[in-house]
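Me: I would like to go through a structure with you. Could you take my questions one topic at a time?

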Amino acid sequence: MEAAAASPVRFKSNYAVSRRIEPFYKGGRVQLNRDGKFMFCPCGTKLNVIDVETGALHSLQQDEDEDITSFVLSPDDELLVTGSRALLLKQWSWQEERCVRTWRAVHTAPVASMAFDSTSTLLATGGCDSTIKIWDMIKQYCTHNLRGSSGVVHLVQFHPDPSCLQLFSSSIDYKIRIWDLSSSKCVAMLGGHFSAVTSLAFADGNTLLSSGRDKVCLVWDLQSRESKRTVPVYESVEAAILLPKEGDFSQLGVKKQGLHFVTAGSKGVLKVWEAATAACVYTQAVPFELKEEASEHSLTQCMLVPGRKEIVTVSVEHNIVLYDAQTLQLKKQLAGYNDEVLDVKFLGPGDSHIVVATNSPQLKVFQLATSHCQILYGHTETVLALDVFRKGLMFVSCAKDRSLRLWRLHKDSSVTCVAQGLGHAHGVGAVSCSRLKESFVVTSSQDCTIKIWDIPEALTSRAKAALVSSPETLRARVTERGHDQDVNSLAVSPNDRLLATGSQDRLAKLWAAADCSLLGVFTGHRRGIWCVQFSPVDQVLATSSADGTLKLWSLRDFSCLKTFEGHDASVLKVIFVSRGTQLLSGGSDGLLKLWTIKTNECVKTLDGHEDKIWGLHSNKQDDMVVTASSDSCITLWKDVTEIEEKEEQAKQEEQIIKEQELSNLLHEKRYLRALGLAISLGRPHTVLTVVKAILKAPDGKKHLEEHIARLRKDQKEAVLSFLVTWNTNSRNCHEAQAVIETLLKHEAPDSLLQYSGIKSAVESLLPYTERHFQRLSRLLQASMFIDFLWQNMKLADVCQQEEMTL
């Protein structure tokens, strides 16, 4: 409190999106370029190009709103071709993010598979219409139309030797067809699989390895076109890749020379096989938690990336994992799709990570610098909420499986589960950690109870926690029935003495943390309360509700101090920022709102999501905020208040300097420079002053013409917009007409028509110009009438004098 009073509080005025973690892969084939730096992932109507090191991505977006059904990158990394449900093929310059060519696929159904030959000049497309087309990419025409397949052609592959003009394909009849491109005929059908053929790999020009969902891999002799070896692999195989002859693969059980291959399939692990003996020489270690649910983590793709010396796998959960090819040690993992994101928290001493609860039993921990994602297994049903201890090294998760789990982040960025607790009768929907020390955790559930769990000191010590081999069991110290309906939110006070709960029964309650005794009830919301938060500096509680309001409550007398109205939907989350002087709230309409408590004012509304904001958390420095939403996006927001203030200050200083320069130029009668500077400052009145000063000087009209003629086109356009306003006032119409005359005299009609806003300018100028001329005509007539009267008066005087003389 004293430190807070010592330095003034800087109110925040704006946040800007600094980064988004959004879905980039929703299924289909994944491919990497030759050196393995970029990964290509289809995602609906887009093809995303991901930088493997940083996780940064850019998208190739199709014009038509049709999903991409297949794509392929040429072996030389130059050509990228996509096929969509619109039956169009597109060729992309993927480095420049532009489409260079579009043509019809000629197929009568979407393209299901694609392959380039080794020279990157021929493209094969296998369609859902049972046909295969071969395209010459240089001459840009279809060279072959191969018919005879059954059903969808889901696999096409050229023979690796370009002099051997053969194409291999497979469809739903489980046979591998060999097509001779010289004759456009199917010269052989390799029948040995009894389920879909999933991959083909060439060991050399005469040996082919095929894998299938019939749980076998076959080694084929392409000269005799007979199967040399059947390798039973005891799982449905989605991909088989050959280990290169070069390299040390002894850690993978490779002891002899000969053909070895890696399989990936329904069991979710990689296996290394020796073709000669049909023996499995290495099986990747399975995490303990996955042994009973391997089918849910099966692999859909596996590929070797020689440029990185890595093996890449893709899982059915849309996770992409990179392993060292010689040891199968995990090097990096990317999460392609997060589904609905239910909660998010900053993690690590320097907020270097975020932990995310998605609509699944697994937790995801993202390293922000590299986008590496660690997936944490342990819960058996959907994780609903998270909270992190003050130091950022330990965090807690709770789930529908009625349990909570305590996790620790280690120095190497790995995370392990160190404890778990069971005891609730229904799913655990809210959790909050102690704030001063890592001493206890509070949970609440759909069973309407609150439980306080003490954490053993052995788990809070990093050295002792490292010795924990399996999660310890936590037991609840206190259990209390807190509400009549679901408890949606929990919060522990900064001094660890108080608890607050918010429930669907429209009540918030205050409890003593020691024994969970009820201290008071906050009543006033018209609908269920979604979130409760203690102020970090004052004895105040903030609540957010489905009635669209935020409220601040006094902890002393439980009265409502302030109500904030502005959300048009349920307010799901609220946090204190700016040392407790401001609130940040997230609604079910995807909007974030920043509030200043002192003035009850909504300072800023941020539109960053398309659906409910379930997660909202601020980092320790209070200069970053992370939000998570049902739209599958995680957004990192940066406080840009200071940056915007500096930019505004710089603009004001520049403005003052320019205005001083303008004043000096007018004083020195350097009208051309003054005119250009006044136009750049956007000062119509100053420009008018300069024009008037020019016209007052000797030969003013001539000088005005010279100055106007020397202006740039954009400056003339600005002057034209200014004089439309001048012309509406009779006092300034003469200057406006003088400039119009100059423009009409020195600019050709075709040139004037190119001016922006010329049409509206002319439409505005005409009626006022006519009115000015009519006024001038009336003045001229009036002046002539006066002259006529004067002449008549003079004539009467002369006549009278003549009469008197006579």
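Predicted model: local features only at pLDDT ≥ 70, side-chain atom pairs only at ≥ 80, totals over all residues.

Me: How many salt bridges does the structure hold?
Reply: There are 15 salt bridges. The term stands for a side-chain nitrogen of Lys or Arg within 4 Å of a carboxyl oxygen of Asp or Glu.

Me: Which side chain does Asp 77 meet in a salt bridge?
Reply: Asp 77 meets Arg 34, at 3.8 Å from N to O. Asp 77 lies in the loop between β6 (68-73) and β7 (80-84), and Arg 34 in the loop between β2 (31-32) and β3 (38-43), so the pair ties together parts that are 43 residues apart in sequence. Strands here are DSSP runs of E with at least two residues, and helices are runs of H or I with at least four, numbered from the N terminus.

Me: Is Asp 77 buried or exposed?
Reply: Asp 77 counts as buried at 10% relative accessibility, whereas Arg 34 counts as exposed at 56%. Buried means under 20% relative accessible area, exposed over 50%, and partly exposed in between (1.4 Å probe, protein chains only).

Me: And what about Arg 308 and Glu 53?
Reply: Their side chains form a salt bridge with an N to O distance of 3.0 Å. Arg 308 lies in the loop between β26 and β27 and Glu 53 in the loop between β4 (46-51) and β5 (57-61), so this pair ties together parts 255 residues apart in sequence. Arg 308 is buried, with a relative accessible area of 17%, and Glu 53 is partly exposed at 48%.

Me: Which residues are linked in a network with them?
Reply: Glu 53, Arg 308, Glu 310 and Lys 331 are linked in a network of salt bridges.

Me: Changing topic: in what order do the strands β14 to β17 form their sheet?
Reply: The 4 strands form an open, antiparallel sheet in the order β14-β15-β16-β17. β14 (155-158) and β17 (185-190) stand at the edges with a single partner strand each, so one side of each is left without a neighbour in the sheet. Two strands pair if DSSP finds at least two bridges between them.

Me: How many bridges join β15 and β16?
Reply: Strand β15 (residues 166-170) and strand β16 (residues 176-180) pair over 5 bridges. Phe 168 has Ile 178 in β16 as its bridge partner.

Me: Now the backbone. What is phi for Lys 309 and Leu 328?
Reply: Phi of Lys 309 is near 55°, and that of Leu 328 is about 60°. Most residues other than glycine have a negative phi.

Me: Where are they, buried or exposed?
Reply: Lys 309 lies in the loop between β26 (299-305) and β27 (310-315) and counts as exposed at 61% relative accessibility. Leu 328 is in the loop between β28 (319-324) and β29 (330-335) and counts as buried at 5%.

Me: Lastly, where is Leu 776 found?
Reply: Leu 776 is in helix α11 (residues 758-805) and is partly exposed, with a relative accessible area of 37%.

Terms used. Residues numbered from 1 in each chain as written. Heavy atoms only, no water.
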